[in-house]
Amino acid sequence: MASARTSVFRRKSSGFIVLIIFVFVTLFFFYDKEEIKHESEHPNAPNVARLELLRSKKGSRHKDDFEKEYPLLLVNEQLVICFENGTDYRKLPYITESPPTTEQDPLTTQRNIRRLLPTLHRTTTGDAAEPMIYFVTPTYPRREQIAEIIRLGQTLMHVPYLHWIVADDTDTCSQTLNHHLKKFGIPYTQLASPMPEVYRARKNAPRGVANRRAALNWIRTNGKKSGVLYFGDDDNTFELKLFSEIRYTKKVSMFPVGLIGDYAVSTPIVRNGRVEGFFDSWPAKRKWPVDMAGFAVSLEYLALSPNATMPFRAGYEEDEFLKSIGLKLQDIEPKANNCTEILVWHTQTKSSKAPTVRISMDRQKLDRLNLGTVLKQLETMGVNRISETEGTTAQAIVEGSVKPLSYWFS
């Protein structure tokens, strides 16, 4: 009899224990789910690493959801302000100290210079007569980098009231890049903002995102709440008219971009002065299928969304950024003559590997020629690499005949 009671007691105890375990697991699952939801709905939550860990527990089906959490800052995201200059000290292009011609006396030349210089000499600290354009350029070290910065800088030299934010995908500050940025006389900020390694390892890495996020961070940190934000890549081509078009953007302005995708253009579709759709060869279920160079944002409007930024999700940067600022179709201002003109082109430079040049002789001897200076300059820019043991052997041509470099020193 006692044995029977003991058996019944054990069965009841086992059932009770199973019930306790079931309730515990249910509560844990519910708490886990609510915790993720809470973290997702509060973009300023500090423990981002824990959120990523929680999501990894839930399986790959949450991967896209995590990548859409654009307001979140990764714990290993970096921003280093390398160099800054807030004063505009541009000079008129191609002014030289050479004496005037007989047709133009010195007094006339000086009067013309004094008349034109005030249109170029600005400062970003004073009250500007026109809205400031914050021109954000993501860049990265490669052999074409300096050449493209020079080309873009020569364009921006002609645009008054512009602050150039150049964000470099590197964890060190490039003195070479800064040397060339200073030459233009444009007010500028040079940032070092490397892509987090977790994204760099991907096959389709989201290039330029860390750079643009860093620029947005700089704008907010420095309290820039008036003016216009524009993302301009260093390999794009810009018509000067574009800058006068976007300068007075109220919320978000849009315009066509040439040389995009299979249609060779990405543009809003405008009817009766209103944007009603988009013409882009890669829909990809994007609400805003536009190119990064195809829109500008008022900083007053951007300030209404203090957490707005860009996700590390290749191909969806523009779409998610415009979603994050709460853009509505009726807010879009079509520019470029109701989007009938192309003022910006997505010209892309084909990147090539920097070649190795073999020079087995004493390079100090080359300093007696111009070659020493030229080769050092290109090597500093990352355009080529000089080696004593490998690469294409360097030679010279003298009156049609190939000669070794030692020809001048034998």
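How much space lies in the largest pocket? About 1100 Å³. A pocket here is an open set of points on a 1 Å grid over the protein atoms alone, where a 1.4 Å probe fits and protein lies on both sides within 12 Å along at least five of seven lines. The volume is the space filled by probe spheres set on those points, which are joined across faces, edges and corners.

Before going on, keep in mind that this is a predicted model, with local features needing pLDDT of at least 70, side-chain atom pairs counting only at pLDDT 80 or more, and totals for chains, interfaces and linings using all residues. Residues are numbered from 1 along each chain as its sequence is written, and side-chain values use heavy atoms, with hydrogens and water left out.

Helices (H or I, at least four residues) and strands (E, at least two) are DSSP runs, numbered from the N terminus. By class, the lining has 15 charged, 11 polar and 11 nonpolar residues, where Asp, Glu, Lys and Arg are charged, Ala, Val, Leu, Ile, Met, Phe, Trp, Tyr, Cys and Pro are nonpolar, and the others, Gly among them, are polar.

In the loop between β2 and α5 sits Glu144, which is buried at 11% relative accessibility. Glu144 touches Thr349, Lys350, Ser351 and Ser352, leaving aside residues up to four places away in sequence; contact means heavy atoms within 4.5 Å.

Now for the cysteines. The whole structure has 1 disulfide, a pair of sulfur atoms within 2.5 Å. Cys82 and Cys173 form it, with their sulfurs 2.1 Å apart. Cys82 lies in strand β1 (residues 80-85) and Cys173 in the loop between β3 and α6, so the pair ties together parts 91 residues apart in sequence. Cys82 is buried at 15% relative accessible area, while Cys173 is partly exposed at 33%.

Definitions and conventions
1 Å grid on protein atoms, 1.4 Å probe; cavity = no way out; pocket = protein on both sides within 12 Å on 5 of 7 lines; lining within 4 Å. Buried < 20%, exposed > 50% of the residue type's maximum accessible area, 1.4 Å probe, protein only.
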